[in-house]
Amino acid sequence: MGSFPRSHQLVATCQCHVRQLNRLARGISRLALAPIRGRKSNIFNRPSYIQQSQFPRGFFSFRSQQKKAGVGKGDELRQARLARREKKGAEDAEDGTQSPTEKTAWSSFASQFENFSNVTDIEWSTLSDRIVDLILPEWSKALPGQIRKLQRELSLAEGSLANEIWQEAHDPFTNPEIQYSAKVRVSDELCNEEKEFLARRKKVATAALAKYLNLNEKDIHPDDVPTIAMCGSGGGLRALVAGTGSLLATQEDGLFDCVTYTSGVSGSCWLQSLFHSTLTDQQFDRLVDHLKARIGVHIAYPPAAFTSVTTSPTNKLLLSSLVEKLKGDPKADFGLVDVYGILLAARLLVPKGELGVNERDFKLSNQRQYIKYGQQPMPIYTAVRHEIPDIAEDVSKSSVAQERAKEIARQEAWFQWFELTPYEFFCEEFNAGIPTWALGRRFNNGEDVAPEGNDFHLPELRMPIMLGIFGSAFCATLSHYYREIRPLVKSLTGFATIDEMIYGYNGDLEKVHPFDPAQIPNFTYNMEGKLRFTTPTTIYNNEYIQLMDAGMSNNLPIYPLLRPGRDIDVIVAFDASADVKTDNWLSVADGYARQRGVKGWPVGAGWPKGTDSAQKIDQQLDTAQSDSAANIENKIKQAQQIKDASGQAGNGKGHVNDPAELSDKAKHDIEHPEDSDLGYCTIWVGSTEERSSEPPPPTRAALTDDTAWRLTEPSAGITVVYLPFLANPKVDGVNPAASDYMSTWNFVYTPDQIDKVVALARANYDEGRDRIRRTIRAVYERKKRAREDHENAASRDQYRQLVRRGIADKLGEGDHFS
């Protein structure tokens, strides 16, 4: 009976500790877009001697040790530490270095973290040594000391790690970008650096294509070389591991060397960041070895996580993003996504042994060194911003307000896509972007703003924060969360009515994010009237924007590849989504291509839906446009209710299908591709022919051996090669639809599991290897014939001009002998 109240005390203490952890991770981020103000814990409003007398024992001290050291010795140390903190605060107030009424982002974070550290010391000291030994793991004994050590390193005191980081942030040798100012580039063209890359990559791709197709390089004209892009889906570590296996197969086959662009979402962004780093030497087999060495431990496993952020050399590189962001911007926000990114970087960007960690891998702009001569494809990273215009009140007011609401509904997309390359951070809807090395700076009216009182700019926002943004799927809306658990709710007896009631409020659920997305400065702040007409009117008034995982909109990063100027001929899409069939991400791109006026997109690409008629497909595509009053009215209703997911596809607003409706047939198709509508490799080709009629172009069926001739038609458009991640009887022990470790939320893969996933990805690519090679050859022959026809036509035109002038076929006419 004596242990009964003690167990209650343990539960209460642990609950309090969890609450303090939640406050630390979410306390600041909940005050988004506003200066962060912290508040002292109430426990520190009491005299220090009262606090210490209530907790006389150290957390993990034995009674025998206490008798030797004396009970009061720990009390004196704590009192001295608190006294020093109070003295330091008084001195700062006298010097005017910190306003007592207005806290910066850094001071708020530092005070909250110190309070958390102190509470951890005090509250955990009440736990009995015996209880600790019985119910807590051995590594937990070191947690209070590690938390205190981390707090000291982040105190910004003289000699602390944070102080060293902040001093180096001023060093132009370490961060050369701080010497230069940046401006917003407003243009619908690619940046000059990307144009130079394309010219250089064309030469490399020409040589690679000759080898891939077994041709003589001298016989290949550069204009005949197809522009090939590869994109990888989201899906956490599953997408990272499976994507590595797929790209390894393309590299072994020679196809990867012919590629000009790669694009990624979520886990595929992590894949790109690792490939373009010192960890892999741009070899996918080395990336496989790196994953085996690093992702066998959970990113949030406390001993590994605390070791990374408290010991050299990793702590400085991992925590630089935190210190520079909060110390350099008084209004900055630090939340759960930032913590998540630091944990990801500690696993992914650090090699085995940790001593070989390279600081160049922690800035995305440094990846220019891998592509500046065209030696590797250019990576395109993606993120989205969730724009939810509040037009309910405007619609019920005057006609002017109604017209304004219509304009908002027409212009503002629910998810706005942002792309990030080693050269530029760009949004196509704005037709504006900034240099990647200027990411993280505040902008005003198109120009960067240096921190007050300093003559330097902030260093580039570092990769730990970017990794968190790329993979922040947990920032999804409540609607996304409910779709994940809806099958369970519907399967419970008597819950069908509850499900209908909850899903009836889907429009409201679409507007709520349980976890705040990451916040970065808005480079379009105060640029009203200077950007493209599709720019949301509310964006100009926000000094910061929130970005999240682009998989919230489309789990295949097709949109950046359709940007004008990139002129992609072939898109090879590797889809390792959780449910490739029900989500049907390729079909979402139909409306986007229609709205953007992209010629040549294969309408109807994706998994066929048995219930969809041609008329229904046409109707869905028509809703993607807003060029008439009726369509605008329709979009206003969608903005108010957000119930018709198919209407959102045209603006990149999410997928059109409900994952909760996964049928037995869909699961069977994933497990048995030989019985499914699509196999391991499916190919579509679009058409560039102009339409003179109102209806949209007809749906393009997938190519077969009998219809492969369509690839060589003069009017052939973009070719899409689709390779979903499906089960394969040639590889045992792994099934994307059934294996537990294939979950998006699994963060631990054993070396054996990695080998199985990579083997499955390579086996699936082998199923379509020959078809892909024939497809690339057909596109090359089509471009070659088009060039030759154009040259012949130009030659004939030139001859006709000579005939009109009467100088055709005259020997020596026009030279110095005539």
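Both faces of strand β4 are covered, since M378, I380, T382, V384 and H386 on one side and P379, Y381, A383 and R385 on the other are all buried, where buried stands for under 20% relative accessible area, exposed for over 50% and partly exposed for what lies in between, with a 1.4 Å probe and protein chains only. The model is predicted, so that local features need a pLDDT of at least 70 and side-chain atom pairs count only at pLDDT 80 or more, while totals for chains, interfaces and linings use all residues. Residues are numbered from 1 along each chain as its sequence is written, and side-chain values use heavy atoms, with hydrogens and water left out.

Strand β4 spans residues 378–386, and because nine of its nine residues are buried, the strand is largely enclosed by the rest of the structure. Helices (H or I, at least four residues) and strands (E, at least two) are DSSP runs numbered from the N terminus, and two strands are said to pair if DSSP finds at least two bridges between them. On this basis β4 runs parallel to strand β3 (residues 259–264), to which three bridges join it, and M378 of β4 is the bridge partner of Y261. With strand β5 (residues 415–420), β4 pairs in the antiparallel sense over six bridges, and here R385 stands opposite Q416 in β5.

I558 itself is found in the loop between β11 (544–547) and β12 (570–575), and it counts as buried because its relative accessibility is 0%. Leaving aside neighbours within four places in sequence, I558 is in contact, meaning heavy atoms within 4.5 Å, with C231, I571, L586, A589 and W601. I558 and S263 lie 295 residues apart in sequence, yet 7.9 Å apart in space, C-alpha to C-alpha.

Y301 lies in the loop between α12 (284–294) and α13, and with a relative accessible area of 35% it is partly exposed. T310, by contrast, lies in helix α13 and counts as buried because its relative accessibility is 6%. Apart from neighbours within four places in sequence, T310 is in contact with Q146, K149, L150 and N315.
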